[in-house]
Amino acid sequence: MAQILKNQGSHRILAIMAGVGGENSLQLIELAGRTSYQSRDKITNDSAAKFVKMLRERGHESVLEHSCLSVEFNNVSRGLTHELVRHRLASFTQESTRYVEEGEFKVVIPPDKDKDEKSVELNFPQGVKIKVSFQDWMDLNEQMYRNLRKSGWLRQDARQVLPTGIKAQIVMTANFREWRHIFKMRTAADAHWEIRQVMKNLLEDVKKKIPVIFDDL
Ligand SMILES: Cc1cc2nc3c(=O)[nH]c(=O)nc-3n(C[C@H](O)[C@H](O)[C@H](O)COP(=O)(O)OP(=O)(O)OC[C@H]3O[C@@H](n4cnc5c(N)ncnc54)[C@H](O)[C@@H]3O)c2cc1C
(Lines give C-alpha, C1' and ligand atoms only; values in the text may rest on other atoms or scores of the structure.)
Protein backbone atom coordinates (compact mmCIF):
# COMPACT_ATOMS: atom_id res chain seq x y z
CA MET A 1 0.00 0.00 0.00
CA ALA A 2 1.34 3.46 -0.90
CA GLN A 3 2.34 5.58 2.10
CA ILE A 4 0.83 9.05 1.98
CA LEU A 5 2.91 11.91 3.39
CA LYS A 6 1.11 14.97 4.69
CA ASN A 7 3.04 18.01 5.99
CA GLN A 8 6.19 15.93 6.37
CA GLY A 9 8.58 17.82 4.09
CA SER A 10 11.66 18.73 6.12
CA HIS A 11 15.19 20.07 5.87
CA ARG A 12 18.51 19.35 7.52
CA ILE A 13 21.32 21.88 7.33
CA LEU A 14 24.47 20.01 6.35
CA ALA A 15 27.02 22.80 6.18
CA ILE A 16 27.54 26.52 6.60
CA MET A 17 30.80 27.61 5.04
CA ALA A 18 33.26 29.19 7.47
CA GLY A 19 36.87 30.39 7.27
CA VAL A 20 39.91 28.18 7.88
CA GLY A 21 41.16 30.81 10.31
CA GLY A 22 38.25 30.07 12.63
CA GLU A 23 36.01 32.83 11.23
CA ASN A 24 32.30 32.05 11.18
CA SER A 25 30.42 32.71 7.95
CA LEU A 26 29.67 36.32 8.89
CA GLN A 27 33.29 37.02 9.80
CA LEU A 28 34.39 35.37 6.55
CA ILE A 29 32.17 37.75 4.58
CA GLU A 30 33.52 40.69 6.58
CA LEU A 31 37.09 39.59 5.85
CA ALA A 32 36.35 39.40 2.13
CA GLY A 33 34.31 42.60 2.10
CA ARG A 34 36.93 44.69 3.84
CA THR A 35 39.35 43.86 1.02
CA SER A 36 37.43 46.44 -0.95
CA TYR A 37 37.94 49.21 1.61
CA GLN A 38 41.38 47.90 2.79
CA SER A 39 39.99 48.18 6.29
CA ARG A 40 40.76 44.81 7.88
CA ASP A 41 42.45 46.69 10.72
CA LYS A 42 38.93 47.65 11.84
CA ILE A 43 37.93 44.03 12.44
CA THR A 44 36.99 43.36 16.06
CA ASN A 45 35.23 40.46 17.79
CA ASP A 46 31.83 42.02 17.15
CA SER A 47 32.31 44.09 14.00
CA ALA A 48 31.08 41.49 11.49
CA ALA A 49 27.34 41.86 12.09
CA LYS A 50 27.37 45.65 11.62
CA PHE A 51 29.59 45.45 8.54
CA VAL A 52 27.54 42.74 6.84
CA LYS A 53 24.29 44.57 7.65
CA MET A 54 25.73 47.64 5.92
CA LEU A 55 26.61 45.56 2.83
CA ARG A 56 23.14 44.03 2.71
CA GLU A 57 21.36 47.36 3.13
CA ARG A 58 23.44 49.05 0.43
CA GLY A 59 22.77 46.16 -1.94
CA HIS A 60 26.41 45.04 -2.16
CA GLU A 61 25.12 41.48 -2.35
CA SER A 62 28.04 40.08 -4.36
CA VAL A 63 30.06 40.03 -1.12
CA LEU A 64 27.46 37.68 0.39
CA GLU A 65 28.54 35.12 -2.20
CA HIS A 66 31.66 34.33 -0.14
CA SER A 67 29.82 31.88 2.09
CA CYS A 68 27.54 28.96 1.22
CA LEU A 69 24.84 26.84 2.78
CA SER A 70 24.23 23.15 2.05
CA VAL A 71 20.84 21.67 2.89
CA GLU A 72 19.22 18.26 2.57
CA PHE A 73 15.47 18.13 1.89
CA ASN A 74 13.54 15.03 2.92
CA ASN A 75 10.03 13.70 2.35
CA VAL A 76 9.40 16.25 -0.37
CA SER A 77 7.86 15.45 -3.73
CA ARG A 78 9.57 15.09 -7.07
CA GLY A 79 7.46 18.09 -8.08
CA LEU A 80 9.18 20.19 -5.42
CA THR A 81 12.66 19.06 -6.43
CA HIS A 82 11.84 19.90 -10.03
CA GLU A 83 11.08 23.45 -8.94
CA LEU A 84 14.28 23.62 -6.90
CA VAL A 85 16.58 22.54 -9.69
CA ARG A 86 15.43 25.48 -11.80
CA HIS A 87 17.77 27.58 -9.65
CA ARG A 88 20.78 27.58 -11.90
CA LEU A 89 23.32 29.08 -9.52
CA ALA A 90 22.91 26.24 -7.02
CA SER A 91 24.41 22.71 -7.01
CA PHE A 92 22.28 19.61 -6.54
CA THR A 93 22.46 15.89 -5.92
CA GLN A 94 19.12 14.12 -6.06
CA GLU A 95 17.82 10.64 -5.32
CA SER A 96 17.73 8.79 -8.64
CA THR A 97 14.60 7.11 -9.99
CA ARG A 98 16.86 5.24 -12.43
CA TYR A 99 19.08 3.60 -9.83
CA VAL A 100 16.87 3.48 -6.72
CA GLU A 101 13.91 1.08 -6.44
CA GLU A 102 10.70 2.74 -5.22
CA GLY A 103 10.69 0.29 -2.31
CA GLU A 104 8.44 2.26 0.04
CA PHE A 105 6.31 4.13 -2.51
CA LYS A 106 5.73 7.27 -0.47
CA VAL A 107 3.65 10.05 -2.02
CA VAL A 108 3.09 13.65 -0.87
CA ILE A 109 -0.54 14.82 -0.69
CA PRO A 110 -1.68 18.49 -0.44
CA PRO A 111 -2.18 19.30 3.26
CA ASP A 112 -5.84 20.25 2.86
CA LYS A 113 -6.86 17.06 1.03
CA ASP A 114 -8.27 13.82 2.42
CA LYS A 115 -6.44 10.78 1.07
CA ASP A 116 -9.45 8.52 1.66
CA GLU A 117 -12.20 10.67 0.20
CA LYS A 118 -13.73 8.84 -2.81
CA SER A 119 -13.96 12.04 -4.79
CA VAL A 120 -13.29 10.86 -8.36
CA GLU A 121 -15.29 8.46 -10.54
CA LEU A 122 -13.24 6.49 -13.06
CA ASN A 123 -14.54 4.67 -16.14
CA PHE A 124 -13.22 1.13 -16.49
CA PRO A 125 -13.85 -1.26 -19.44
CA GLN A 126 -17.32 -2.91 -19.77
CA GLY A 127 -18.98 0.25 -18.49
CA VAL A 128 -17.78 -0.25 -14.92
CA LYS A 129 -17.60 2.97 -12.93
CA ILE A 130 -15.67 3.04 -9.66
CA LYS A 131 -15.21 5.88 -7.20
CA VAL A 132 -11.60 6.18 -6.12
CA SER A 133 -9.68 8.18 -3.57
CA PHE A 134 -6.15 9.62 -3.74
CA GLN A 135 -5.01 6.59 -1.72
CA ASP A 136 -6.68 4.18 -4.20
CA TRP A 137 -5.05 5.90 -7.15
CA MET A 138 -1.60 5.76 -5.56
CA ASP A 139 -2.13 2.08 -4.67
CA LEU A 140 -2.97 1.37 -8.31
CA ASN A 141 0.06 3.39 -9.33
CA GLU A 142 2.26 1.35 -7.02
CA GLN A 143 0.80 -1.91 -8.40
CA MET A 144 1.55 -0.77 -11.91
CA TYR A 145 5.14 0.15 -11.06
CA ARG A 146 5.80 -3.09 -9.18
CA ASN A 147 4.21 -5.28 -11.84
CA LEU A 148 6.14 -3.58 -14.62
CA ARG A 149 9.32 -4.30 -12.65
CA LYS A 150 8.27 -7.95 -12.18
CA SER A 151 7.60 -8.25 -15.90
CA GLY A 152 11.17 -7.22 -16.60
CA TRP A 153 11.01 -3.46 -17.07
CA LEU A 154 14.13 -1.68 -15.83
CA ARG A 155 13.74 0.98 -13.11
CA GLN A 156 14.50 3.67 -15.66
CA ASP A 157 11.55 2.47 -17.75
CA ALA A 158 9.08 1.66 -14.97
CA ARG A 159 9.65 5.13 -13.48
CA GLN A 160 7.59 6.60 -16.31
CA VAL A 161 4.44 5.70 -14.35
CA LEU A 162 5.55 7.36 -11.09
CA PRO A 163 3.44 10.32 -9.92
CA THR A 164 4.82 13.85 -9.54
CA GLY A 165 4.04 13.50 -5.84
CA ILE A 166 6.49 10.61 -5.34
CA LYS A 167 8.85 11.19 -2.41
CA ALA A 168 12.30 12.50 -3.22
CA GLN A 169 15.46 13.48 -1.38
CA ILE A 170 17.80 16.21 -2.59
CA VAL A 171 20.94 17.95 -1.34
CA MET A 172 21.41 21.54 -2.43
CA THR A 173 24.32 23.96 -2.05
CA ALA A 174 24.27 27.64 -2.91
CA ASN A 175 25.93 30.85 -1.80
CA PHE A 176 24.06 33.19 0.55
CA ARG A 177 23.12 35.63 -2.20
CA GLU A 178 21.46 32.90 -4.21
CA TRP A 179 19.68 31.60 -1.09
CA ARG A 180 18.28 35.12 -0.53
CA HIS A 181 16.91 35.06 -4.07
CA ILE A 182 15.45 31.57 -3.57
CA PHE A 183 13.80 32.49 -0.26
CA LYS A 184 12.22 35.58 -1.83
CA MET A 185 10.77 33.59 -4.73
CA ARG A 186 9.79 30.43 -2.91
CA THR A 187 8.22 31.92 0.22
CA ALA A 188 6.11 34.40 -1.78
CA ALA A 189 2.33 34.12 -1.64
CA ASP A 190 2.14 32.79 -5.21
CA ALA A 191 4.71 30.01 -4.65
CA HIS A 192 3.47 26.40 -4.54
CA TRP A 193 2.30 25.35 -1.05
CA GLU A 194 4.86 22.58 -0.69
CA ILE A 195 8.04 24.47 -1.53
CA ARG A 196 6.65 27.51 0.33
CA GLN A 197 6.21 25.56 3.55
CA VAL A 198 9.62 23.87 3.35
CA MET A 199 11.37 27.16 2.52
CA LYS A 200 9.59 29.08 5.27
CA ASN A 201 10.77 26.50 7.81
CA LEU A 202 14.31 26.60 6.45
CA LEU A 203 14.33 30.40 6.49
CA GLU A 204 13.29 30.44 10.16
CA ASP A 205 16.11 28.03 10.92
CA VAL A 206 18.83 29.88 9.01
CA LYS A 207 17.80 33.17 10.59
CA LYS A 208 18.70 31.60 13.94
CA LYS A 209 21.91 29.94 12.75
CA ILE A 210 23.24 32.70 10.47
CA PRO A 211 22.63 36.19 11.83
CA VAL A 212 22.05 39.32 9.71
CA ILE A 213 22.21 37.78 6.20
CA PHE A 214 18.53 36.77 6.05
CA ASP A 215 17.05 39.02 8.76
CA ASP A 216 15.22 41.32 6.35
CA LEU A 217 13.36 38.51 4.56
C1 LIG B 1 5.53 31.29 -8.38
C2 LIG B 1 6.38 30.72 -9.47
C3 LIG B 1 5.79 30.23 -10.62
C4 LIG B 1 6.57 29.70 -11.65
N5 LIG B 1 5.97 29.24 -12.79
C6 LIG B 1 6.72 28.75 -13.81
C7 LIG B 1 6.13 28.25 -15.01
O8 LIG B 1 4.93 28.27 -15.17
N9 LIG B 1 6.94 27.75 -15.98
C10 LIG B 1 8.31 27.74 -15.85
O11 LIG B 1 9.00 27.29 -16.77
N12 LIG B 1 8.89 28.18 -14.71
C13 LIG B 1 8.15 28.68 -13.71
N14 LIG B 1 8.76 29.13 -12.57
C15 LIG B 1 10.23 29.05 -12.48
C16 LIG B 1 10.89 30.38 -12.82
O17 LIG B 1 10.57 30.76 -14.16
C18 LIG B 1 12.41 30.30 -12.71
O19 LIG B 1 12.93 29.35 -13.59
C20 LIG B 1 12.87 29.89 -11.31
O21 LIG B 1 12.12 30.55 -10.34
C22 LIG B 1 14.34 30.25 -11.16
O23 LIG B 1 14.42 31.67 -11.06
P24 LIG B 1 15.62 32.52 -11.58
O25 LIG B 1 15.94 32.24 -13.00
O26 LIG B 1 15.38 33.96 -11.20
O27 LIG B 1 16.75 32.05 -10.58
P28 LIG B 1 18.14 31.32 -10.65
O29 LIG B 1 18.29 30.37 -11.75
O30 LIG B 1 18.27 30.85 -9.25
O31 LIG B 1 19.13 32.52 -10.92
C32 LIG B 1 19.30 33.55 -9.97
C33 LIG B 1 19.49 34.86 -10.70
O34 LIG B 1 20.73 34.79 -11.42
C35 LIG B 1 20.60 35.48 -12.66
N36 LIG B 1 20.76 34.51 -13.75
C37 LIG B 1 20.80 33.16 -13.65
N38 LIG B 1 21.01 32.60 -14.85
C39 LIG B 1 21.11 33.63 -15.73
C40 LIG B 1 21.31 33.69 -17.13
N41 LIG B 1 21.47 32.63 -17.90
N42 LIG B 1 21.37 34.90 -17.70
C43 LIG B 1 21.22 36.04 -16.98
N44 LIG B 1 21.00 36.05 -15.62
C45 LIG B 1 20.96 34.85 -15.03
C46 LIG B 1 19.20 36.09 -12.67
O47 LIG B 1 19.27 37.39 -12.14
C48 LIG B 1 18.42 35.19 -11.73
O49 LIG B 1 17.27 35.82 -11.16
C50 LIG B 1 8.00 29.66 -11.52
C51 LIG B 1 8.59 30.15 -10.35
C52 LIG B 1 7.79 30.67 -9.33
C53 LIG B 1 8.47 31.18 -8.07
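## Pocket, ligand shell and aromatic pairs

The lining of the largest pocket is made up of seven polar, three nonpolar and two charged residues, where Asp, Glu, Lys and Arg count as charged, Ala, Val, Leu, Ile, Met, Phe, Trp, Tyr, Cys and Pro as nonpolar, and the others, Gly among them, as polar. The model is predicted: local features need pLDDT of at least 70 and side-chain atom pairs pLDDT 80 or more, while totals for chains, interfaces and linings use all residues. Residues are numbered from 1 along each chain as its sequence is written, and side-chain values use heavy atoms, without hydrogens and water.

The largest pocket holds about 190 Å³ of space. A pocket here is an open set of points on a 1 Å grid over the protein atoms alone where a 1.4 Å probe fits, with protein on both sides within 12 Å along at least five of seven lines; lining residues have an atom within 4 Å of a point. Helix H3 (residues 78-84) gives the largest share of this lining, four residues; helices are DSSP runs (H or I) of at least four residues and strands (E) of at least two. Among the lining residues are Arg78, Gln94, Arg159 and Ile166.

Around the ligand stand Arg86, His87, Arg88, Leu89, Glu178, His181, Met185, Arg186 and Asp190, each with a heavy atom within 4 Å of it. By class, this shell has five charged, two polar and two nonpolar residues.

| Side chain | Distance to a ligand oxygen atom |
|---|---|
| Arginine 88 | 2.6 Å |
| Histidine 87 | 2.9 Å |
| Arginine 186 | 3.3 Å |

Taken alone, the ligand exposes 940 Å², and the protein buries 47% of that (Shrake-Rupley method, 1.4 Å probe).

There are five aromatic pairs, counted for Phe, Tyr and Trp (its six-membered ring) with ring centres within 6.5 Å; planes under 30 degrees apart are stacked, over 60 edge-to-face, and the rest tilted. Phenylalanine 105 and tyrosine 145 form a tilted pair, 6.2 Å centre to centre with 55 degrees between the planes. This pair links distant parts of the chain, 40 residues apart: phenylalanine 105 lies in the loop between strand E4 (91-94) and strand E5 (106-108), and tyrosine 145 in helix H4 (residues 134-150).

Technical notes. Grid points are joined across faces, edges and corners, and a volume is the space filled by probe spheres set on the points. A polar contact is a pair of N or O atoms within 3.5 Å; within protein, one must be able to donate a hydrogen and the other to accept it, and residues adjacent in sequence count only if both atoms are side-chain atoms.
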